[in-house]
Amino acid sequence: MQAENFPLLRTKLHRPKLASDHLPRPHLIEFLNHNLQRKLTLVSAPAGFGKTTLLCQWLSATPMPSAWLSLDRGDNDLLTFLKYFVAAIQTLFPEACSTTQGLLYAPQTPPTDYLFTTLINELVDLPENFILALDDYHYIESPDIHHLLVKLLDYWPPTLHLALASRIDPPFPLSRLRSRGQMIEIRSAALRFSVAETADFLTTTVGSTPLPPNTATILAARTEGWIVGLRLAAISLPNHPDPEAFLAAFDHSVHRPIMEYLLDEVLDRQPVEVQEWLIKTSILDRFCLALCQAVIAADGPDQNPQSLFQTNLLLIGLDEAGEWYRYHHLFQELLQHRLKERFTGAEINQLHCRAGNWLAQQGYVDDALRHFLAADDPLAAAQVVEQNYQAFINREEWPVVRRWLKRLPPTLVEQRPALLLARCWHLHHEFKLAAITPLLDQAERLLESPGLGLPEAEQQRLHGEINTHRSQLVYFQGDYETSQSYARQALDQLPDTAIFARSLALLYLGTVSQVLGQTNEALQLLQAVIDAEPEHNALTMRVLLTIVFIHRFTANFYQLQQAGQWLLHAAETIGLQVSVTWASCHLGLLFYEWNELDAAEHHFITVVKHRYQAHHVAFRDSLMGLALIYLVRNDTGKLEQSLDELEAFTQQVGSPIFWSTYHSFVAYVRLRQGNPDIAANEAEIVLADDIGVKLPFLEYPTLTHIKILLSQGGQADLLEATALLDQVQPVIETNHNTLRLIEVLALRALLYQATGQTVEAVAHLENALRLAQPGHLIRTFVDLGQPMALLLRQVARHNFEPAYVQRLLAAFDHSSDGGAGPHSLPADDDSQVAIIEPLTDREFEVLELLVQRYSNKEIGAKLFISPLTVKKHTAHIYQKLQVKSRQQAMVRAKQLKLFDNGR
């Protein structure tokens, strides 16, 4: 599972071991067990009152299953918190919250409410009730995390009982929870040791060492039952030469804070080397022997935490194996205070650097960054990012890389070529290609500057990443030979470990080769890459996707089906959800084209359900695919819902290219619905420069604009449509984009039909059909509406590809929307539908000029009326002829032979 790649500190998920001298608190345990039916247990008290110990005692005694999570300052990032939160639950239920976990590692970070809803729904489905204990919640300051837990309490999954231990009250609606009886609280008053408990505790800790008779009373009064103070006193008393003098001083003469006084008593009785070991390792939130040795290095003794644990020096064991520990937090804070007193800032920074180096070597990047930044060594932190970003990019964990970069000083990032490229990869993920070029230029300048000092292999890898990006950028500029050259250079320079970069270079090398007419060579190259890999991985998934792209470009739909299903199966097998959604998107597009709408809907919905694990383009095209299905089915409610989701998603992405595609697609839908004016308004917002011809996207704005012009049907409109086709067709042919060329030829045929050039119309349609027949394309023709059906009937009379043409005509007959297209008619050329109401003389005059392809302005000038009056007459004509556009009116007038009487 992809989540395994995130280096969790497993010790945070282990309930700390109880000290051998812990005092049972049966009355508190009974109280906690009696209130398990409530939502929340809050144990809130200052440091040192035994909050963690009480929770551990309770969870050890209660029969209900329990999970544990120790929190620290590094958990204030929502995604990090949730990764640990889910991992804690999975210690009880290994398959739990799998959807939430997938979202946490997804390429797109979902909105917080979406994450919360998914998590709560999955908690409801867990098989039995359990307790989740969150220790040290006072470290959490993130509003998003607080919001998550409040929502969890508001929509309480009955399987979960939440227990929090904190020094301060969390910002929850506690009054509401109290008033509704949904929480219980244990505070410092309940946690304090009584005199009797103090006596029992001393008996356990001191054993047979004789103590003055009033010891328990004095300690209980002076510490007010403060457990950590009692523990420190109990450590000091047996070794004190005069226990009575210690108690007298403790009871009457202590002017310093109790903790500081007792800490001196404890530390001063330790060997000097042990004191130094404790103070220096206090920079660590949790530690094992190897980490401590790395921090102490040659400066101190080779202590074993286990031996210190036996001396009760306020160490807490974090795992069953006895390898990981932490200090009691209050003890750690006081040790850190002593650290600042005894050591210089430079010496403390050196300790942090040693910790950072060890943690980085073990793969704990976030913890390493925290220590390097605490050491005021951003360069070391930058180097850790440089050493690790590639592995996370290979897994497409973009939010993690973004978080690391944000923690580094921007001026440092600008001077490090690897960090600039890490930022480029994030911009690539967000499809903000224009912002990449200046960063690449800066990275190249740095790499070429003398004295950089990078190893040759590292420089070569960075040049490979630069060339990969440049291959993509010049591809979209239409410089395919240069794109191919960059991609080949990148593959020569990138190591096998640069999986994502190599896969992207292969994608553009394969795609460019197809554009340059080298399709067979491209497919052979890509197949060779797959064959060379012992098993499927992220690289082979991207290569398979490239093969899918090529088959879609070339309209080889049966090969597309085979490659798409292969990609889907392989991606599901290795758990790579991004590739699953890519495969599902293209299979949905395939089945839509084949007019198998149920199958298409299934694949599109698969992508939409995994929105945040899908590439932006795959999700967008799947939403548009669903909209087309609902348009064909005349399901207006679902259609408008899909368009609303598409708009919200486009707003979120914010890319100009995505906005252009959105407005163009909405224009196309409104055109298909018979609203050409609305379609034209939407089309005006579309950017002139679109990339629909360069990638196999569903929507191509230029072609949609041509369809709108066809629907308007004026002489000027048809001339503009012809000019656009003349402009785009050579580009499509040069790019060997057969799929687009089929649509262009079909539109060209409709243009000839609209101008009465039937022979040319039939010839161009036959050319389109000749290219489309091997892949059995259907919706490309059906979605062009009844004028295409009329033209297909003429082709059928020529006995051209009779089986295929009849299949297309049958699709018109069975299409729920009647094949409604940009200028469709309610009936075919054999119909003789009567006019609802006779046309007036003026309306006949207007219609006659419409048929002659005059514009509204030209009609007004000829009839000496305003263009507005022409529009009113046109609306009445449409209503009486039962049509919705100028082109439909022209066709209907010919059907009804309105001008055979000499008009």
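At what angle do helix α21 and helix α23 pack, and how far apart are their axes?

1. Helix α21 (residues 398-407) packs with helix α23 (residues 417-429) at an angle of about 135°, and their axes are 10 Å apart. Axes here are lines fitted to C-alpha atoms, for helices over the stretch in contact, and angles run from 0 to 180 degrees between N-to-C directions. The pair α21 and α23 is therefore oblique, a label for whatever remains once angles under 35 degrees are called roughly parallel, over 145 roughly antiparallel and 65 to 115 roughly perpendicular.

2. This is a predicted model, in which local features need pLDDT of at least 70 and side-chain atom pairs count only at pLDDT 80 or more, while totals for chains, interfaces and linings use all residues. Residues are numbered from 1 along each chain as its sequence is written, and side-chain values use heavy atoms, with hydrogens and water left out.

3. The contact (heavy atoms within 4.5 Å) involves Trp398, Val401, Arg402 and Leu405 of α21, together with Leu419, Ala422, Arg423, Trp425, His426, His428 and His429 of α23. By class, six residues in the contact of α21 with α23 are nonpolar, three are polar and two are charged.

4. Five strands form an open sheet with parallel pairing, in the order β2-β3-β4-β1-β5. Strands are DSSP runs of E of at least two residues and helices runs of H or I of at least four, numbered from the N terminus; two strands pair if DSSP finds at least two bridges between them. At the edges stand β2 (66-70) and β5 (183-187), each with a single partner strand, so one side of each has no neighbour in the sheet. Direction ignored, neighbouring strands of this sheet are turned by 15° against each other on average.

5. Strand β4 (residues 160-166) has seven of its seven residues buried, so it is largely enclosed by the rest of the structure; buried means under 20% relative accessible area, with a 1.4 Å probe and protein chains only. Leu160, Leu162, Leu164 and Ser166 point one way from β4, whereas His161, Ala163 and Ala165 point the other way.

6. Five bridges join β4 to strand β3 (residues 130-135), with Ala133 opposite Ala163, and five bridges also pair β4 with strand β1 (residues 40-44), where Thr41 has Ala163 as its bridge partner. Thr41 also stands opposite Ile184 in β5.

7. Helix α2 (residues 51-61) lies across β1, β2, β3, β4 and β5, running at about 155° to β4, whereas helix α1 (residues 26-34) lies across β1 and β5, at about 165° to β5.

Terms used
Ala, Val, Leu, Ile, Met, Phe, Trp, Tyr, Cys and Pro count as nonpolar, Asp, Glu, Lys and Arg as charged, and the others, Gly among them, as polar. Buried means under 20% relative accessible area, exposed over 50%, partly exposed in between (1.4 Å probe, protein chains only).
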